[in-house]
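The structure comes first, then the notes.

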Amino acid sequence: RMAQQLTARGEAASKNSIRDYMRKELHWKSWRRKKQPLLTESHKKRRIKFAQEHKHWTVEDWSDVLFTDESPFKLFYVPNSRNDTVWGSQENNVPRTDQMKFSPSVMVWGGMTAHGLTPLHFIPQGARMNSEYYIDNILSKIVKPAFDRISNAGNITERKLFSEKKNGIFQQDGARCHTSATTIRWLNENIPAYIQPADWPPNSPDLSPIENIWSILTTSVYRDPEPKNVVQLRRRLRQAWKTISEQTLLNLIKSLPDRLNDVIKRKGDTVR
């Protein structure tokens, strides 16, 4: 576009000369643009407010927050062509990546504290993730028992999720089924403490450590050989979920005070 604009003004220019100038004279490099949630000024103000209200929370305080979320996993994972490379002597020896325009996928729900994980819940294909499903299959069967401290086994996905010293706090994002009047009424009647929808800032996956758990699962689930069908994908997800260590969970929780401080420093903008 720059070359076209300069040529239209009657100046000699080409893409190569402009590219050489940026590299040799300005010492610029090409960078990949990273994706991040779109944050309005209103979103940033709410993020700052949340960070300021919770900046004095200790790691021990955050350790008893049950962070929850849903995430989709496609059967045919599409790697980034810029960093998914294979070294070899001939291009013909490089294995192809199978891709499907509309890949089958699996939607899962899970939760984490510094002490352990909830069971990984698979949302059936075609099921509507509305308030009724959310309450009947997730809140009633998984979240409420966790707060009732029923589980006390050795596996990380079956341990008590909260310490003996404090009651837990439930967290969820702003999805419609999470914040409907029906869901809020159920939470008020069944969960002793939760972060109110008006308090949790929108478009803020960077403030929820369970987003990092999904990334960890992705790395494990799509290792060679990749799953060939939905049954294998579900099995991989279960296995990867069970292998997440308590130290990993604790490390993610320990990062929260720094994340909140960065939100304040960046005036509400997304943090790494």
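## Basis

This is a predicted model, in which local features need pLDDT of at least 70, side-chain atom pairs count only at pLDDT 80 or more, and totals for chains, interfaces and linings use all residues. Residues are numbered from 1 along each chain as its sequence is written, and side-chain values use heavy atoms, with hydrogens and water left out.

## α5 and α7

Helix α5 spans residues 131-147 and helix α7 residues 181-190. Helices are DSSP runs (H or I, at least four residues), numbered from the N terminus. The two axes come within 10 Å and cross at roughly 20 degrees. Axes are lines fitted to C-alpha atoms over the stretch in contact, with angles from 0 to 180 degrees between N-to-C directions. α5 is therefore roughly parallel to α7 (angles under 35 degrees). The crossing is right-handed (the near helix is turned clockwise from the far one by less than a right angle).

On α5, the contact (heavy atoms within 4.5 Å) involves Ser 131, Tyr 134, Ile 135, Leu 139, Ser 140 and Lys 144. α7 supplies Thr 182, Thr 183, Trp 186, Leu 187 and Asn 190. By class, there are 5 nonpolar, 5 polar and 1 charged residues. Ala, Val, Leu, Ile, Met, Phe, Trp, Tyr, Cys and Pro count as nonpolar, Asp, Glu, Lys and Arg as charged, and the others, Gly among them, as polar.

## α3 and α11

Helix α3 (residues 41-54) and helix α11 (residues 256-265) have axes that come within 9 Å.

Arg 47, Ile 48, Phe 50, Ala 51, Gln 52 and His 54 of α3 meet Leu 260, Val 263 and Ile 264 of α11. The contact divides into 6 nonpolar, 2 polar and 1 charged residues.

Conventions:
Helix = DSSP H or I, 4+ residues; strand = E, 2+ residues; numbered from the N terminus. Parallel < 35°, antiparallel > 145°, perpendicular 65-115°, else oblique.
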